[in-house]
Amino acid sequence: MIGSTQNDAASRAAAADAAAKSAAAAYGAPADGTDTADGTEDRFLKLLVAQMRNQDPLNPLDNAQVTSQLAQINTVRGIEQLNASMTKVAAASTAVSPLSAVGMLGRQVLVEGERFEWSAPDAGIVNNDPTMPNVDASGAKSVRVGFELPAAARAVRVEIIDAAGRVVHARDFAEPEAGVHTLDWDGVDADGRAVSSGKYTLRAYGVDEKGGESRVVALVPARVNGVSQAPGGARLELVGRDPVAASAIRAVL
């Protein structure tokens with residue numbers, strides 16, 4: 001009689017073990033490695049139900065062990081939700097909102113491009129309003145342009161070219177570091193003569209530290225006259241240019 005009871009218990013234990021193994025095979029983790037907390041929790045509950053249905057009445061599941069496993073599953077789920085929340089926070093922190101970009105309205109900025117306009121300084125600006133004095137514009141005698149390097153270079157040359165294709169100004173930079181570099185041009189050509197107002201082209205090229213061609217991005221000035229919302233954050237409206245994302249601004253002048 002005792003032997004029969006032991007045999008029955010062993011049979012139930014073997015059946016419970018076989019059921020657990022069968023459930024584990026059926027509800028195992030995905031082969032492609034795309035496991036999530038939701039999937040893990042679902043498989044755990046299915047395994048637990050299968051194990052409880054086939055448990056040995058003389059040797060039932062340990063409540064403390066089940067509670068501990070449930071707590072571990074909840075911890076894993078909480079960590080995954082926290083990671084997802086932190087990812088969203090990081091993405092939001094890198095995006096510039098229109099409200100934070102309002103300070104750029106009316107400001108001169110540098111953006112990627114080659115064409116820019118030079119306006120020769122005037123003697124003054126006449127106001128029709130007699131209560132307002134004439135404004136002396138002779139102080140605005142230069143325009144700021146620049147270039148950006150993704151890596152340090154051995155040398156960079158910047159050229160300003162007029163509409164006829166003539167290089168009116170050139171400047172060399174020795175061993176510039178990676179990043180944004182700016183220079184001011186006063187509208188004077190290589191012979192010391194003032195150039196006329198009009199559109200000019202900025203060309204920048206360089207040599208890297210190994211003697212090969214260096215990637216140089218030319219930066220030209222533009223004025224911000226509007227801010228709008230875009231899917232990736234704030235978008236800036238530029239005078240005479242296509243709108244750009246706020247992240248495309250390389251310098252605020």
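How many aromatic pairs does the structure hold? The structure holds five of them, where rings of Phe, Tyr and Trp (its six-membered ring) pair if their centres lie within 6.5 Å. Welcome to a predicted model, in which local features need pLDDT of at least 70, side-chain atom pairs count only at pLDDT 80 or more, and totals for chains, interfaces and linings use all residues. Residues are numbered from 1 along each chain as its sequence is written, and side-chain values use heavy atoms, with hydrogens and water left out.

**Aromatic residues**

- Phe116 and Trp185 make an edge-to-face pair, with 6.4 Å centre to centre and 90° between the planes; planes under 30 degrees apart count as stacked, over 60 as edge-to-face and the rest as tilted.
- This pair links distant parts of the chain, since Phe116 sits in strand β2 (residues 115-118) and Trp185 in strand β6 (residues 179-185), 69 residues apart. Strands (E, at least two residues) are DSSP runs, numbered from the N terminus.
- Phe116 and Trp185 are both buried, a word that stands for under 20% relative accessible area (1.4 Å probe, protein chains only).
- Trp118 and Trp185 form a tilted pair, at 5.3 Å centre to centre and 50° between the planes.
- Here too, distant parts of the chain are linked: Trp118 belongs to strand β2 and Trp185 to strand β6, 67 residues apart.
- Both Trp118 and Trp185 are buried.
- One aromatic cluster is formed by Phe116, Trp118, Trp185 and Tyr200.

**The largest pocket**

- The largest pocket holds about 430 Å³ of space. On a 1 Å grid over the protein atoms alone, a pocket is an open set of points where a 1.4 Å probe fits, with protein on both sides within 12 Å along at least five of seven lines. Grid points are joined across faces, edges and corners, and the volume is the space filled by probe spheres set on the points.
- Its lining has 13 residues, and Phe116, Glu117, Pro221, Ala222 and Val239 lie nearest the centre; lining residues have an atom within 4 Å of a point.
- Strands β2 and β9 (217-230) each give at least two residues to this lining.
- By type, the lining residues divide into five nonpolar, three polar and five charged. Ala, Val, Leu, Ile, Met, Phe, Trp, Tyr, Cys and Pro count as nonpolar, Asp, Glu, Lys and Arg as charged, and the others, Gly among them, as polar.

- Ala222 lies in strand β9 and counts as buried because its relative accessible area is 4%.
- Ala222 and Glu112 are 110 residues apart in sequence and 9.9 Å apart in space, C-alpha to C-alpha.
- Setting aside neighbours within four places in sequence, Ala222 is in contact with residues including Arg107, Leu238 and Arg241; contact means heavy atoms within 4.5 Å.

- Thr201 is part of strand β7 (residues 198-208), and it counts as buried because its relative accessibility is 18%.
- The Thr201 side chain makes a polar contact with the side chain of Arg115 at 3.2 Å. Such a contact is a pair of N or O atoms within 3.5 Å; within protein, one must be able to donate a hydrogen and the other to accept it, and residues adjacent in sequence count only if both atoms are side-chain atoms.
- Asp162 is in the loop between β4 (153-161) and β5 (167-174), and its side chain reaches the backbone nitrogen of Ala164 at 3.1 Å.
- Not counting residues up to four places away in sequence, Asp162 touches Val168 and Tyr200.

Terms used:
Helices (H or I, at least four residues) and strands (E, at least two) are DSSP runs, numbered from the N terminus. Buried means under 20% relative accessible area, exposed over 50%, partly exposed in between (1.4 Å probe, protein chains only).
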